[in-house]
Amino acid sequence: GSCISTKNIGYFNNASETEYASTSGAETAIQANDILSISISSLNPEASAIFNTTNGQSNNINTPNGNVTQPSGYLVNAEGFIQLPILGNIQSAGLTKKQLKEKIANTIVEKKLLVDPIVSIRHLNFEVTVIGEVGRPMVIPVPNEKISLLTALGQAGDITVYGKKDNVLVIRESNGKKVVKRINLNTADFLNSAYYYLKPNDIVYVEPNKNKLASVSRGRQLLPALLSGLSVVVIVLDR
C-alpha cells in the first residue's frame, strides 16, 4: 500500500520528439478588482503629466509578514469602471488591454486633449496561487504578466511524491463564474492545452494521492498507542 506507481511520478510520459503548437491563447480580459498601471505620453510631456499622477504613488500595506509597498494604480471597480483624471469614468471590465488602450487614446483625441497619445497598460496585481501537495504552497506575483503552470509549480517547490500529477486542479474566474479544470501532467496533451499558461488570480490545487491519505490515517491510528506507551513508561519510572 505504501508503493507509488512510477508511471505517475514523471511528467509527460507519452511525449515524443516533435513540435507542439504555441498555447499562448487570447489576451486576458480585464475584470473587476484588477489594478492597472496606465501611462499616457505624447509629444507634449507637460500636457501628458496630468494623466499619470496616480501611477507615481505607492501605498504601504500592513500584512502579517510586515509592511509591503504596493504600487498604486487604477482600480477597476465592481461596476467595471476606472476613473482617469480629466477623462472621468471609463468602462474597462470585459476589454483586453489592447482594446482599453485604443478606447482611452480615442477618447483623448476626440476631446482634443493630446495629439497622437501613446497609452501603456500593465496589470499590477497579476498573481497566481499554488496550494496542496507542493514543496512550498505560495502566492506568486507575476510582474511580466505571463507564467505557465509548470513554472508556477516549479516556483512552489514542485509536486511532492504524494501529489496527483494526473489530476491537478486549476480554478479560474471567467465572466463572473468559477471554472474548474482538471489537468493530467502525465500526458503530453497538456502542452496543447488552453491552461498551459495561467491567468490572473488562477488557483492551482494539487490533490494528495491515496498513499498520503494512508500515511495520515496510519499516523492517527498509531498516535494513541504511542501516547499510551509513553504514559506507561512514565508511570513505571515514577514508581
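In which loop is the place of Asn 201? In this predicted model, Asn 201 is found in the loop between strand E11 (177-183) and strand E12 (203-208). The legends below begin with the whole chain and then turn to individual sites.

**Figure 1. Overview of the predicted protein chain.** The fold comprises four helices and 12 strands. Of the 239 residues in the protein chain, 32% are buried. Among contacts between residues at least 6 apart in sequence, those joining residues at least 24 apart account for 59%. The chain exposes about 14700 Å², and 53% of this area is supplied by carbon and sulfur atoms.

**Figure 2. Positive phi values at Asn 201 and Lys 112.** Most residues other than glycine have a negative phi. Asn 201, in the loop between strands E11 and E12, has a phi near 70°. Its relative accessibility is 42%, so Asn 201 counts as partly exposed. Lys 112 has a phi near 55°, likewise a positive value in a residue other than glycine. Lys 112 occupies the loop between helix H2 (97-110) and strand E7 (118-123). With a relative accessible area of 74%, Lys 112 is exposed.

Figure 3. Leu 169 counts as buried because its relative accessibility is 10%, under the 20% cut-off. Leaving aside neighbours within four places in sequence, the contacts of Leu 169 are Val 180, Lys 181, Arg 182, Ile 203, Val 204, Tyr 205 and Glu 207. Leu 169 and Ile 203 are 34 residues apart along the chain, and their C-alpha atoms are separated by 8.0 Å.

**Figure 4. Nonpolar surface patch made by Ile 50, Ile 86 and Leu 113.** The patch covers about 240 Å². One of its members, Ile 86, is placed in the loop between strand E5 (81-84) and strand E6 (88-91). Ile 86 is exposed, at 52% relative accessible area.

**Figure 5. Salt bridge between Glu 145 and Lys 97.** A search of the whole structure finds five salt bridges. In the one shown here, the side chains of Glu 145 and Lys 97 meet at an N to O distance of 2.4 Å. Glu 145 lies in the loop between strand E9 (138-141) and helix H3 (149-155), and Lys 97 in helix H2, so the pair ties together parts that are 48 residues apart in sequence. Both Glu 145 and Lys 97 are buried.

**Figure 6. Salt bridges of Lys 164 with Glu 207 and of Lys 178 with Glu 173.** Side chains of opposite charge can pair when their charged atoms come close. For Lys 164 and Glu 207, the N to O distance is 3.6 Å. Because Lys 164 lies in strand E10 and Glu 207 in strand E12, this pair ties together parts that are 43 residues apart in sequence. Lys 164 is partly exposed, at 28% relative accessibility, whereas Glu 207 is buried, at 16% relative accessible area. Glu 207 is also among the contacts of Leu 169. In the salt bridge of Lys 178 with Glu 173, the closest N and O atoms are 3.5 Å apart. Lys 178 counts as exposed at 60% relative accessibility, and Glu 173 as partly exposed at 37%. Salt bridges that share partners join Lys 164, Arg 182 and Glu 207 into one network.

Key
Residues numbered from 1 in each chain as written. Predicted model: local features only at pLDDT ≥ 70, side-chain atom pairs only at ≥ 80, totals over all residues. Heavy atoms only, no water. Helix = DSSP H or I, 4+ residues; strand = E, 2+ residues; numbered from the N terminus. Buried < 20%, exposed > 50% of the residue type's maximum accessible area, 1.4 Å probe, protein only. Contact = heavy atoms within 4.5 Å. Areas by Shrake-Rupley, 256 points an atom, 1.4 Å probe, with all protein chains shown as cover. Patch = residues over 30% accessible without salt bridge, like charges linked within 9 Å, V, L, I, M, F, W, Y side chains within 5 Å. Salt bridge = Lys/Arg side-chain N within 4 Å of Asp/Glu carboxyl O.
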